[in-house]
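Dear colleague,

Please find below the structure that I am handing over to you. My notes on what was found in it follow directly after.

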Amino acid sequence: MRSTLLLVLLFIGNFVQAQKVLWANEVLDVSSEWTASRHLVLLGDDSHKAKQVLGEPNIYPGSVGSTRAWAPKKAKSLEFIKVGFNEAIPIKQIAIAETLNPTAISKVFAYVESGREYLINVFDP
């Protein structure tokens, strides 16, 4: 029985592959950022700045009002953020977490290295 189990596990192991996860590492373009009060800016505060979307998340959905998430300057306006990654790989999944104003995302685009744009999904809130 032990050898049969090992053989089955080896067989299954050849077909199971872990998904490679990449986090955004560069903000390529952003429509706007919420501006902190003057005294916080002078202290080097990064609250609500676009760079908050970079790297592995340190805030998760349901964290309403967190300063560790990007926020646009104006509410209820068409805003965007375009991010880059360390390497180009085939897309299998895209995960986006909204901490405030869920369903605010309307479209997701992907870009190839040449700059060509592909519409990935349209959301209808």
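In what follows, two residues are in contact if they have heavy atoms within 4.5 Å. With neighbours within four places in sequence left aside, Tyr 111 is in contact with Lys 82, Arg 116 and Glu 117. Please bear in mind that the model is predicted.

I begin with the overall arrangement. The chain contains two helices and four strands, and from the N terminus on these elements follow the order α-β-α-β-β-β. Of the 125 residues in the chain, 12% are buried. Among the contacts with a separation of 6 or more, 54% are between residues 24 or more positions apart.

The pair formed by Lys 82 and Tyr 111 deserves a description of its own. Lys 82 belongs to strand β2, which covers residues 81–84, while Tyr 111 belongs to strand β3, which covers residues 107–111.

As to the surroundings of Lys 82, its contacts beyond four places in sequence are with Glu 26, Val 27, Leu 28, Asp 29 and Tyr 111. Lys 82 and Ser 31 are 51 residues apart in sequence, and their C-alpha atoms are 9.0 Å apart in space. For Tyr 111 and Val 83, the separation is 28 residues in sequence and 9.9 Å from C-alpha to C-alpha.

How many aromatic pairs does the structure hold? The number is zero.

Finally, I turn to the second largest pocket. The space in this pocket amounts to about 170 Å³. Its lining consists of Gln 93, Ile 94, Ala 95, Ile 96, Glu 98, Thr 103, Ile 105, Val 108, Ile 120, Asn 121 and Phe 123. By residue class, seven of the lining residues are nonpolar, three are polar and one is charged. Glu 98 counts as charged, and Gln 93, Thr 103 and Asn 121 are among the residues that line the pocket.

With kind regards

Conventions. Residues are numbered from 1 along each chain as its sequence is written. This is a predicted model: local features need pLDDT of at least 70, side-chain atom pairs count only at pLDDT 80 or more; totals for chains, interfaces and linings use all residues. Side-chain values use heavy atoms; hydrogens and water are left out. Rings of Phe, Tyr and Trp (its six-membered ring) pair if their centres lie within 6.5 Å; planes under 30 degrees apart count as stacked, over 60 as edge-to-face and the rest as tilted. On a 1 Å grid over the protein atoms alone, a cavity is a set of points where a 1.4 Å probe fits but cannot get out, and a pocket is an open set with protein on both sides within 12 Å along at least five of seven lines; lining residues have an atom within 4 Å of a point. Grid points are joined across faces, edges and corners, and a volume is the space filled by probe spheres set on the points. Buried means under 20% relative accessible area, exposed over 50%, partly exposed in between (1.4 Å probe, protein chains only).
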